[in-house]
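Here is a short walk through one protein model. Keep the sequence and the 3D view open as you read.

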Amino acid sequence: MPSHKTKAETTGLFFSVSIILFPAFTSTHIGIGGGNRPGLPSDYSTMNIEFKWFSVESLQNELEHHSGIKYIRNPFQIKDLHKDFRRLFLQISKEIGSPVSQNTQGDLLLDIQDRGFAPNDLRARGPYSNRKLSFHTDRCDVIGFLCLQPAKSGGENQIIKSQEIEKIILKERKDLHQILCSPFPLKRHNMDSLNPSPYCLQPIFSWKNQFFACSYLRVLIDRANQDPECPSLTEHQEEALDFLDSVCERAELQTKISLNKGDMLFLNNWTTLHRRTEFIDYNEPQKKRHLLRVWLSMPNSRPLNSMFKENFGAVESGAIRGGIQANPPA
Ligand SMILES: [Fe+2]
């Protein structure tokens, strides 16, 4: 199987990112892990795809113990994605980890598309807009994307390794590093409506049994800061966040990946930060930028500081954790 390490170009420098290239398919055999598996929808046999899967163990290892970034270039080797690739992507994701709910409806796959909501609309989450997002982490161990349709322009994925950021801050501003290792208030997410707490407290940088973890979503910290029900940030905390953001802007630290149709990208959420640039869509609805996203709990995940228990449900290594609590079935 042609799997190899290559280099993804960044601005001015090169970063090692694991990329998997697949051969063109030649037969009608469907297989994940080298053969047909129970549990795959039977209609995959009509899709005329030879799908040679890579080692799940090696992918899990790469995400947890090495770069934290896995870019897989169009493994389906096709130009037009059939609607059943939703189920195929979910099946692949289940091979890698355990998908967790991304909203109160319990959806395991989220459609990332600009839905044109007004900025003050509570539904106007980053995934449903075309605006540039700031560097952040999500609410899971691993984030996975499948690109169904790239934008007309823009929409580049930018990734940085959070421990590199942490080391720079420790070297240049040890005083602010110490602050970033202490708890910050985060406002409850709009989508997290079943959570009764108005806010939670979490550190940006933390360790547990020598395992590093970074968790950062400034939009929720800023919302807490503006909410009279939540603790306010100190001047030093604001300075620490501004400095963190400024380090993230250093282009030489950023790995930039433009996903094309059929590409997949998996990121360790505890060791990388990510964002997306602004994008412009085509006018035709069927050509608008469209990614599928999964949030995964990983069997080989790292243990977390106990302060994450409230927001993630569990902190033990390999635990099912994160996601958004779904409404109980009616
Ligand atoms: Fe995100």
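Of the protein's 330 residues, 36% are buried (20 or more other C-beta atoms within 10 Å of the residue's own; exposed means 12 or fewer, partly exposed in between, with C-beta atoms placed from the backbone). This is a predicted model, in which local features need pLDDT of at least 70, side-chain atom pairs count only at pLDDT 80 or more, and totals for chains, interfaces and linings use all residues. Residues are numbered from 1 along each chain as its sequence is written.

The protein has seven helices and 17 strands. These are DSSP runs, numbered from the N terminus: H or I of at least four residues for helices, E of at least two for strands. Now take contacts (C-beta atoms, placed from the backbone, within 7 Å). Among those between residues at least 6 apart in sequence, 77% join residues at least 24 apart.

Turn to helix α5, residues 218-226. Its buried residues are L220, I221 and A224. They lie on the same side of α5, because they cover an arc of only 105° around the axis. That arc is taken from the directions from the helix axis to the C-beta atoms. Their cover includes β9 (183-187), β10 (199-203) and α6 (235-248).

Next, the loop between β11 (205-208) and β12 (211-214), where N209 lies. Q210 has its place in that loop too. Most residues other than glycine have a negative phi. N209 has a positive phi, near 50°. For Q210 phi is also positive, near 75°. Are these residues buried or exposed? N209 is exposed, because 8 other C-beta atoms lie within 10 Å. Q210 counts as exposed, with 7 C-beta neighbours inside 10 Å.

How values were computed:
Contact = placed C-beta atoms within 7 Å.
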